[in-house]
Amino acid sequence: MHTPRTNIALEWGAMSYLGLIHRYGPLLDLPRHCLEITLHEGNTPLIPIPRLADEMGGSFDLYVKYEGLNPTGSFKDRGMTAAIGEAAGRKAQAVICASTGNTAASAAAYAARAGLRAIVLIPQGKVATGKLAGAIAYGAQVVQVAGSFDDALKLVVQLSENYPLALVNSINPFRLEGQKTAAFEICDTLGKAPDWLCLPVGNAGNISAYWLGFQQYDRLKNTGAPHLLGVQAAGAAPLVQGHPIMEPETIATAIRIGRPARGEEALAAADESGGRILAATDAEILAMQRRLAGEGIWVEPASAAGLAGLAKEIRAGSLDPTGKQIVAVCTGHGLKDPDIITSQMPKLARVPINLNALEKLLLID
Ligand code: F0G
């Protein structure tokens, strides 16, 4: 009640969260030279969305793991604290990645934090404004490739084989080590793994990381493991179609990927978990983005894909949610891709500085 100020400061010190390597370091397979390059990423909320669960059929617990609340607005920060900490620890001079945008912004921020040069290759004209602005604001050298993400990835892999550049795409195993902490957090919050985890799939690093995380926690703490429901965009669904897509196309530009680097692992993870990978159309993804915003959770289009896929499965009768705990991973913040909203915005009403005019507009037909 009348705690002296100094004690309050001490309590805050004890409670403060210092990032996921600090929190979960002993559980991560990182080399000793890895530095703690952190922006206090992770520790994101698990938000219940009961109204949406009711609409989908009811009688189950539905949560959003809101990864858009990471420091640069996406889950990539979990992987970057590890990958860039490792690169900085072995005194790499520069980091490089290909990206549909979020990896670029995250790599740029963590490289800045570590004092490293960052180079990012992006598919020309296909990266959302908030992501590109982020990468530039954090000081990365941004290069557009006249091709897809897959083309850009091929180039950075070749370049990093010939030059001392640390590759920080999710081919880098340390990225997965960082990203698997999201599974730990979900188990820590719920006390066990959920029955289903649904999430978008692009280059397939994240679904692979979650599976590693859930399996590890189950071995350590008997938390069980969820069925994985990975969701690709219908125009960029190589894992559903069973072959690479040469010209992937979707409004969900984050997952506009035709040849996922960790595709085999993702398919194996979904299979082992008793889950599956399916596709949702752009219309289904955008409808779910709007519906989530109606709960106060604005995510970028790709981030709504997991829930769009879940809704589809429940509607089709292929997934019975009754009595289950289901977590949907919302991977990136809506602010990353404002154009998708503003381009569809109705013309905004205008009033002069006049109360009557405002009343007329708002209160009278
Ligand atoms: N959601 C968002 C918002 C993403 O940015 C990505 C991937 C994914 C989902 C899919 O994750 O690739 O591990 O399967 N974005 C990468 C990038 C490709 O460059 O930012 P994944």
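Is Asn 102 buried or exposed? In this predicted model, in which local features need pLDDT of at least 70, side-chain atom pairs count only at pLDDT 80 or more, and totals for chains, interfaces and linings use all residues, the numbering of residues runs from 1 along each chain as its sequence is written. Side-chain values rest on heavy atoms, with hydrogens and water left out. Asn 102 counts as buried because its relative accessibility is 5%, where buried means under 20% relative accessible area, exposed means over 50%, and partly exposed lies in between (1.4 Å probe, protein chains only). Asn 102 is placed in helix H5, and helices (H or I, at least four residues) and strands (E, at least two) are here DSSP runs numbered from the N terminus.

The surroundings of the ligand are described next. The ligand is surrounded by 20 residues, of which the closest are Ser 99, Thr 100, Asn 203, Ala 204 and Thr 331; a residue is taken as near a molecule or strand if one of its heavy atoms lies within 4 Å of it. By class, this shell holds seven nonpolar, eleven polar and two charged residues, with Ala, Val, Leu, Ile, Met, Phe, Trp, Tyr, Cys and Pro counted as nonpolar, Asp, Glu, Lys and Arg as charged, and the others, Gly among them, as polar.

A polar backbone atom of Thr 100 is 2.8 Å from an oxygen atom of the ligand, a backbone N or O atom of Thr 103 lies 2.8 Å from an oxygen atom of the ligand, and for a polar backbone atom of Gly 202 the distance to a ligand oxygen is 2.8 Å. Of the 470 Å² of accessible area that the ligand has on its own, the protein covers 98%, with accessible areas taken from the Shrake-Rupley method with a 1.4 Å probe and, for residues, only the protein chains shown counting as cover.

The ligand sits in the largest cavity. On a 1 Å grid over the protein atoms alone, a cavity is a set of points where a 1.4 Å probe fits but cannot get out, and a molecule sits in a cavity or pocket if more than half of its atoms lie within 2 Å of its grid points. Two or more residues of the shell around the ligand are given by helix H5 (102–114) and by helix H10 (205–221). Ser 208 is found in helix H10 and counts as buried because its relative accessibility is 4%. A polar atom of the side chain of Ser 208 lies 2.7 Å from the backbone oxygen of Ala 204, and Ala 204 is itself among the closest residues to the ligand.

Helix H9 (residues 181–190) is mostly covered, with eight of its ten residues buried, including Phe 184, Ile 186 and Leu 190. After H9 comes Gly 191, whose phi is positive, near 85°. By contrast, Ala 316, in helix H14 (residues 305–316), is exposed because its relative accessible area is 57%.

Several loop residues complete the description. Most residues other than glycine have a negative phi, and most peptide bonds are trans. His 40, in the loop between helix H2 (20–24) and strand S1 (46–48), has a positive phi near 60°, and His 40 is partly exposed because its relative accessible area is 38%. Lys 91, in the loop between helix H4 (76–89) and strand S3 (94–98), likewise has a positive phi, of about 65°, although it is not a glycine, and Lys 91 counts as exposed because its relative accessibility is 67%. Ser 59 lies in the loop between helix H3 (50–56) and strand S2 (61–66) and counts as exposed because its relative accessibility is 55%.

Conventions
Polar contact = N/O pair within 3.5 Å; in protein donor to acceptor, adjacent residues only side chain to side chain. 1 Å grid on protein atoms, 1.4 Å probe; cavity = no way out; pocket = protein on both sides within 12 Å on 5 of 7 lines; lining within 4 Å.
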